[in-house]
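Please read the following note alongside the sequence and the structure.

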Amino acid sequence: MSRIILCLETSTTNCSVSIGRGDSLLTLKEVNSKNFSHSEQLHSFINALLTQEKLTPKDLDAISISKGPGSYTGLRIGVSAAKGIAYALDIPLISVSTLLCLAKQVDIEKGLIVPMLDARRMEVYSEVFEADFHSRREIKAEILEEASFQKELESGKVHFIGSGVEKFESICKHSNAVFHHKKLPSAQEQFFIAKRKFDEKDFEDVAYFEPFYLKDFVSN
């Protein structure tokens, strides 16, 4: 039997849910709501997709959650839901890096990818990935300046993606900078990472797992 994985993405304003079976994404439902209505939408999205695919919760083999960094409120809602479902169904919990999910939306043969999430004012959460998605620089919370990412930009094309892109584009004029606008982490890319982690049995402890907030709580 092909494994069925439910994926939840709530780390930003995008409330995103997907279901995949085996190596294929079956269905995706998401909406970008700036008022963070994840608490009202998340479970209705899950139920709608299960109904659409003629599945019940007992058909699920695992649940995956975007672990952060991102919105404190969004992460808390998503992780609480994922842990509750995993515990109730006694199925594995998989966590996936939010910034890796975002980076996966860029398809390049060479160069670097920098996913960046807005962390208020001129601050972002960011990471640097090679074209093959290996992490080149760890996740940081950093204040954007005109000279940010200069070392990376001098080495070749750098693709910036995420909710922090607009603020960096306003101060970065380097010719090697490529900006991908209006992109947010999605449960679509998350599924393909989660299925690999399922095969590797890379699971979280449901009782002790916590989101990767990176910074202390700031209300949304």
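1. Overall dimensions. The model is a predicted one. The C-alpha trace spans about 50 × 35 × 30 Å along its principal axes.

2. Secondary structure and contacts. The chain contains six helices and 10 strands. When contacts between residues at least 6 apart in sequence are considered, 61% of them join residues at least 24 apart.

3. Burial and surface. Buried residues make up 52% of the 220 in the chain. The accessible surface amounts to about 10700 Å², and carbon and sulfur atoms account for 48% of that area.

4. Charges. The chain carries 27 positive and 31 negative charges. The mean position of the positive charges lies 3 Å from that of the negative charges.

5. Helix α2. This helix covers residues 72–89, 18 residues in total. From its first C-alpha to its last it reaches 26 Å, close to the 26 Å expected at 1.5 Å a residue.

6. Which residues of α2 are buried? They are T73, G74, L75, I77, G78, V79, A81, A82, K83, I85 and A86. An α-helix has 3.6 residues a turn, so residues three or four places apart point the same way. The cover over the buried residues of α2 includes the strands β1 (4–9), β4 (62–66) and β5 (93–96), together with helix α1 (38–52).

Conventions. Residues are numbered from 1 along each chain as its sequence is written. This is a predicted model: local features need pLDDT of at least 70, side-chain atom pairs count only at pLDDT 80 or more; totals for chains, interfaces and linings use all residues. Side-chain values use heavy atoms; hydrogens and water are left out. Helices (H or I, at least four residues) and strands (E, at least two) are DSSP runs, numbered from the N terminus. Buried means under 20% relative accessible area, exposed over 50%, partly exposed in between (1.4 Å probe, protein chains only). Contact means heavy atoms within 4.5 Å. Accessible areas come from the Shrake-Rupley method with a 1.4 Å probe; for residues, only the protein chains shown count as cover. Lys and Arg count as positive and Asp and Glu as negative; His and the chain ends are not counted. The place of a charge is taken as NZ of Lys, CZ of Arg, CG of Asp or CD of Glu. The expected span of a helix is 1.5 Å times one less than its number of residues.
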